[in-house]
Amino acid sequence: MGMELSTDTAAAARHTRFGTLPERIRLEDTIEGAKATPSGGANPYDPEGSWKFSSCLALDLGL
């Protein structure tokens, strides 16, 4: 009988936590607008940092 009581308590706790769906989020609330800032120079290419954004199988394998 004590087993049923603990199961009912656990079921009630689960229902309290997960019993209802969360409220809908409007699309307007998920989008954040930000102004673009122009780059600081005439040549925005950065050879030191460019390797971070490209994918190379030889680098992935450590060759």
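**View 1. Confidence by element in this predicted model.** pLDDT is the predictor's confidence in each residue, from 0 to 100. The chain average is 75, with 63% of the residues scoring at least 70. The model is predicted, so local features need pLDDT of at least 70 and side-chain atom pairs count only at pLDDT 80 or more, while totals for chains, interfaces and linings use all residues. Residues are numbered from 1 along each chain as its sequence is written, and side-chain values use heavy atoms, with hydrogens and water left out.

**View 2. The chain fold, α-α-α along the sequence.** The protein chain has 3 helices and 0 strands. Both are DSSP runs numbered from the N terminus (helices: H or I, at least four residues; strands: E, at least two). Buried residues are 2% of the 63 (buried: under 20% relative accessible area; exposed: over 50%; partly exposed: in between; 1.4 Å probe, protein chains only). The chain exposes about 6,800 Å², 60% of it from carbon and sulfur atoms. Areas come from the Shrake-Rupley method with a 1.4 Å probe; for residues, only the protein chains shown count as cover.

**View 3. The salt bridge between Arg 26 and Asp 29.** The closest N and O atoms are 3.2 Å apart. The whole structure holds 1 salt bridge (a side-chain nitrogen of Lys or Arg within 4 Å of a carboxyl oxygen of Asp or Glu). Arg 26 is exposed, at 52% relative accessibility.

**View 4. Leu 63 in the segment after helix 3 (57–61).** Leu 63 is exposed, with a relative accessible area of 77%.
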